[in-house]
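Biologist: Could you walk me through the charged pairs in this one? I'd like to know how you count them, too.

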Amino acid sequence: MKMLFAAVLLIIFAASLQSWGFFAHRTINKHPTYSLPADLAPFFIKQLYAITEKAINADKRVYINSAESTRHFIDLDRYEQLSDSLVVPWFKLNKRLRQHDILKRGIVPWQIDLTYRKLLKAFHQKNAQAIIRHAADLGHYASDAHVPLHTTSNYNGQLSGQVGIHALWETRLPERFMHSYDLYVGKPVYIDNVVEFAWNAVHESHALLDSVFDLEKKVSASMSHRMKKSYVLRNNILMLNYSDEFCERYHEALNGMVERRIRKAIHATASLWYSAWIDAGQPGLSKLAPFEINKKDSIPYQRLSRKGREE
Ligand SMILES: [Zn+2]
């Protein structure tokens, strides 16, 4: 019984390490809709439920597809040097670079470009179901690229004595403070080089890492351990986690960083959807057949056998 309880706790803890957290991913996929131009917005508004629900499909796939995990991050610290030769579409990568080495360091910038191409094709074919599927995935990967902890091998503070910082930054804080964020981001922009855009996003995220780690240490040093951690109710289970008090203080110390990254992720998603539609020749979408979530598109949540890195 004790072991079963521990296993359940472990599963729920693993689930809590999802990128951005399910709530944040859904929120980020929902809001670009409100920024889209009048020709494009009605289609996405009509499909708001589907695009919001599918925001987390990419994370669910990690449990059933071993190739999925590497698409959500890039460990920039594991590159001795980052050259412009990497800022090219996946199929143009120098063949001398061993694919295995690249895959194990994560491929999120390339994945954004690959998914963009799928979305462009779906727009071109006026395939409503494919548009929603790829737009939702694109929002997911673009969002992951905006999380500082998705750009380092120390992704959960396991190398710096800060285990748990991943879920703290991208799940606890958004869940607790999202209501106070301004999520209206203005008009999307046209992106003429998607892979470069994606690389810029991960570099920007990476530049924030020092603050993410240093401020956690600073706030930790200002509190006793008993104040820092407390039993918190998550998914109806009590678990030892950062206390509410710690979350408040850390969020204040970050000085708006989480909100700024969420706003950037929403704007990036809106701009990617908009650019794919432009590149596809601005197809009219008003007469497309209504889209329904079918079995092919709904992925069961198989928590028990997560494949690859928990993130
Ligand atoms: Zn993810």
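Here is our chat about the salt bridges.

Modeller: Quick ground rules: this is a predicted model, where local features need pLDDT of at least 70, side-chain atom pairs count only at pLDDT 80 or more, and totals for chains, interfaces and linings use all residues. Residues are numbered from 1 along each chain as its sequence is written, and side-chain values use heavy atoms, with hydrogens and water left out.

Biologist: How many salt bridges are there by this rule?

Modeller: The rule asks for a side-chain nitrogen of Lys or Arg within 4 Å of a carboxyl oxygen of Asp or Glu. Applied here, that gives a count of 15 salt bridges.

Biologist: Which residue does Arg26 form a salt bridge with?

Modeller: Arg26 sits in helix α2 (residues 21-30), and its partner, 27 residues apart, is in helix α4 (residues 48-53); helices here are DSSP runs of H or I, at least four residues, numbered from the N terminus. The closest N and O atoms are 3.4 Å apart, and the partner is Glu53.

Biologist: Are Glu68 and Arg61 buried or exposed?

Modeller: These two form a salt bridge, with the closest N and O atoms 3.0 Å apart. Buried means under 20% relative accessible area, exposed over 50%, and partly exposed in between (1.4 Å probe, protein chains only). Both Glu68 and Arg61 come out as buried.

Biologist: What is the relative accessible area of Glu248?

Modeller: Glu248 forms a salt bridge with Arg176, the closest N and O atoms being 3.0 Å apart. Arg176 is in helix α9 (residues 165-177) and Glu248 in helix α13 (residues 244-254), so the pair ties together parts 72 residues apart in sequence. Arg176 is partly exposed at 29%; Glu248 is also partly exposed, at 36%.

Key
Helices (H or I, at least four residues) and strands (E, at least two) are DSSP runs, numbered from the N terminus.
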